[in-house]
Amino acid sequence: MHGLVNRAIQCFVRDTYGNEIWLDVARGASLEGATFEAMLFYEDAVTDQVLAYIVTLLNKPREEVLEDIGTYLVSHPQVEALRRLLRFGGVDFMDFLHSLDDLPDRARMAVSDLELPRLELRTDEQNHMQLYVRSPHEGFGHVMLGVLRTMADDYGALVFLDLRRMAPGEDVVDIALVETSFAEGRSFTLSAGKS
């Protein structure tokens with residue numbers, strides 16, 4: 001697993017639950033160090049051990065932890081750059097959804113060896129879509145569910161989301177867009193200053 005993914009998990013635990021909890025996770029998962037290097041690669045088993053220990057320590061279902069990680073990735077001030085990258089996908093939530101197919105390629109422009117799940121948006125009715133999330137690693141569908149919930153709030157859209165597992169490493173997020181301008185979204189400007 002790419003170190004950026006593991007580092008994101010580490011930052012989620014540290015920023016959400018505190019450094020002491022992260023140190024407990026690192027000890028419980030038998031990590032050689034208490035930190036991940038963002039540009040290194042780690043065995044998938046290391047990531048699985050870390051997630052398993054987080055689930056045990058927090059006494060939360062794995063799916064809920066993964067969705068919380070997705071929420072963290074686009075809402076916490078420490079990772080504002082990712083939110084900004086995603087907001088460049090469109091002026092409203094519908095534009096954002098249609099930009100997701102290109103997200104793995106855009107991410108590789110910044111980090112050439114980062115492999116994100118393949119994303120494919122399909123529309124079956126005007127405001128009903130399915131986002132197919134395919135990855136050799138389990139759980140990215142739940143992460144994307146957290147990302148989508150948070151980005152819908154960010155844009156001020158009212159959506160209903162439901163996750164279905166199709167096969168190992170293949171999930172589908174059913175998206176029902178009720179209203180694109182349901183509430184006032186979070187402020188966003190193109191400049192890199194505070195938004």
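How do the residues of the lining of the largest pocket divide into nonpolar, polar and charged? They divide into 30 nonpolar, three polar and five charged, where Ala, Val, Leu, Ile, Met, Phe, Trp, Tyr, Cys and Pro count as nonpolar, Asp, Glu, Lys and Arg as charged, and the others, Gly among them, as polar.

This is a predicted model, in which local features need pLDDT of at least 70 and side-chain atom pairs count only at pLDDT 80 or more, while totals for chains, interfaces and linings use all residues. Residues are numbered from 1 along each chain as its sequence is written, and side-chain values use heavy atoms, with hydrogens and water left out.

**The largest pocket**

About 980 Å³ of space lies in the largest pocket. Of the 38 residues that line this pocket, select Ala8, Leu73, Leu82, Leu114 and Leu116, which are the closest to its centre. A pocket here is an open set of points on a 1 Å grid over the protein atoms alone, with protein on both sides within 12 Å along at least five of seven lines, whereas a cavity is a set of points where a 1.4 Å probe fits but cannot get out; lining residues have an atom within 4 Å of a point. Grid points are joined across faces, edges and corners, and a volume is the space filled by probe spheres set on the points.

Next, colour α1 (3–17), α3 (44–58), α4 (62–75), α5 (80–87), α7 (103–110) and α8 (140–155), each of which supplies at least two residues of this lining. α1 gives the most, with six residues. Helices (H or I, at least four residues) and strands (E, at least two) are DSSP runs, numbered from the N terminus.

**The second largest pocket**

Move to Glu115, Leu116, Pro117, Pro136 and His137, which lie nearest the centre of the second largest pocket, among the 20 residues that line it. The elements that give two or more residues to this lining are α7 and β1 (118–125). The second largest pocket holds about 250 Å³ of space, and its lining has ten nonpolar, three polar and seven charged residues.

**The cavity**

The count comes to one cavity of 30 Å³ or more, and the largest cavity has a volume of about 40 Å³. To see its lining, select residues including Val133, Arg134, His137, Phe140, Ala167 and Asp171. β2 (128–134), α8 and β4 (170–179) are the elements that give two or more residues to the lining of this cavity.

**Where α5 meets α8**

Now show α5 and α8 together: they pack at an angle of about 70°, with their axes 12 Å apart. That angle makes α5 roughly perpendicular to α8, a term for angles of 65 to 115 degrees. Axes are lines fitted to C-alpha atoms, for helices over the stretch in contact, and angles run from 0 to 180 degrees between N-to-C directions. The contact (heavy atoms within 4.5 Å) is made by Arg83, Leu86 and Arg87 of α5 and by Val147, Met151, Asp154 and Tyr155 of α8.

**Two loop residues**

Finish at Ser30, in the loop between α2 (19–28) and α3, and at Asn59, in the loop between α3 and α4. Ser30 has a positive phi of about 55° although it is not a glycine, and phi of Asn59 is near 55°. Most residues other than glycine have a negative phi. Ser30 counts as exposed at 60% relative accessibility, and Asn59 counts as exposed at 70%, exposed being over 50% relative accessible area with a 1.4 Å probe and protein chains only.

Definitions and conventions:
Angles under 35 degrees count as roughly parallel, over 145 as roughly antiparallel, 65 to 115 as roughly perpendicular and the rest as oblique. Buried means under 20% relative accessible area, exposed over 50%, partly exposed in between (1.4 Å probe, protein chains only).
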